[in-house]
Amino acid sequence: MPPAISLQLYTVNAELEPDLDAGVARLAAIGFDTVEAFAFVDRAAQLRSAFDAHGISARTGHAFLVEQTIPLPDGTVMTAPSHADTFAAARELGIEIVIDPFVGPDSWTTREGVERVAERLNAAAEEAAAHGLRVGYHNHDHELRPHIDGKPALQVLAELLDPRVVLELDLYWASAAGIDLVPFVRELGDRIVAVHVKDGPMRPDISTASVPTDQTPAGQGDVRLAEALAAATALEYAVIEFDGYDGDVFDGVRQSYEWLAARLAPTTSEVSA
């Protein structure tokens with residue numbers, strides 16, 4: 001079976017906030033039956049109601065598991081919900097994998113820092129298993145730029161993780177960090193069960209420190225998406241996302257969906273099997 005095509009709801013959050021039901025209806029009209037939730041702990045019931053009304057489910061979701069306090073761009077600090085509340089909300093929504101979306105750059109420059117992240121993810125995986133859930137980690141560029149013992153820090157993390165902890169590889173940010181996507185995806189193997197599918201022109205100055213606004217629909221930029229997707233043999237979810245997009249975001253999402261649907265469609269041999 002090909003991976004499910006999903007959408008990280010952060011992409012369209014500004015459009016969902018005024019009218020969640022109408023926004024979810026637009027996603028269903030594009031063809032989505034799977035999405036990736038974020039900030040779902042305090043609004044699980046509201047999200048579930050909108051999803052159920054339009055035949056959509058959230059199979060993955062982003063929630064902080066490693067850090068208890070998270071600095072925000074506006075200078076304030078967010079306190080993450082407890083693991084117990086997070087996993088309870090995930091069960092209410094029908095989420096299968098809870099993915100930590102961000103651990104700051106300072107944790108990725110030393111082996112000790114990476115070991116700390118691994119220990120906390122492994123502990124969270126043990127808690128999650130009691131709820132029938134899996135745990136994962138999602139990267140940006142700063143987990144891949146530092147090298148430890150000759151390997152990108154994210155690869156070192158993968159080697160330290162409990163087998164139950166999975167990775168959601170952001171293909172755009174990995175490319176921005178200078179990673180050769182195809183061999184890297186093959187190296188991580190079955191650990192990668194989800195990817196963020198986003199595209200755009202690649203330049204040396206691309207960083208999360210200054211998020212570009214010229215990302216493009218999938219297949220229209222410099223990221224080797226098609227080859228990376230083909231190399232990800234354990235992929236369960238291909239998750240569309242834009243961090244910054246200058247055009248009509250629903251139109252960009254639609255174009256990415258159509259590109260992915262064409263490339264992930266089962267072959268004739270797979271259908272006959």
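Tutor: Ser256 is buried, its relative accessible area being 2%, where buried means under 20%, exposed over 50% and partly exposed in between, with a 1.4 Å probe and protein chains only. The model is a predicted one, in which local features need pLDDT of at least 70 and side-chain atom pairs count only at pLDDT 80 or more, while totals for chains, interfaces and linings use all residues. Residues are numbered from 1 along each chain as its sequence is written, and side-chain values use heavy atoms, with hydrogens and water left out.

Student: Which residues does Ser256 touch, not counting those up to four places away in sequence?

Tutor: Ser256 has its place in helix H10, residues 249–264; helices are DSSP runs of H or I with at least four residues, strands are runs of E with at least two, and both are numbered from the N terminus. Contact means heavy atoms within 4.5 Å. With residues up to four places away set aside, Ser256 touches Pro217, Ala218, Ile240 and Phe242.

Student: Is Ala14 buried or exposed?

Tutor: Ala14 belongs to helix H1, residues 13–16. Its relative accessible area is 57%, so Ala14 is exposed.

Student: How far apart in space are Ala14 and Val249, C-alpha to C-alpha?

Tutor: In sequence, Ala14 and Val249 are 235 residues apart. In space, their C-alpha to C-alpha separation is 10.0 Å.

Student: At roughly what angle do the axes of H2 and H3 cross?

Tutor: Axes are lines fitted to C-alpha atoms, for helices over the stretch in contact, and angles run from 0 to 180 degrees between N-to-C directions. The axes of H2 (residues 20–30) and H3 (residues 44–53) come within 9 Å, and their crossing angle is roughly 40°.

Student: Which residues of H2 and H3 make the contact?

Tutor: On the H3 side, the contact is made by Gln46, Leu47, Ala50, Phe51 and Ala53. On the H2 side, it is made by Leu20, Asp21 and Val24.

Student: What radius of gyration does the protein chain have?

Tutor: The radius of gyration is taken over C-alpha atoms, and the globule rule is 2.2 Å times the number of residues to the power 0.38. For 273 residues, a compact globule would have a value near 19 Å; the protein chain agrees with this, having 18 Å.

Student: How many helices and strands does the protein chain have?

Tutor: Of the 273 residues of the protein chain, 53% count as buried. The protein chain has eleven helices and twelve strands.
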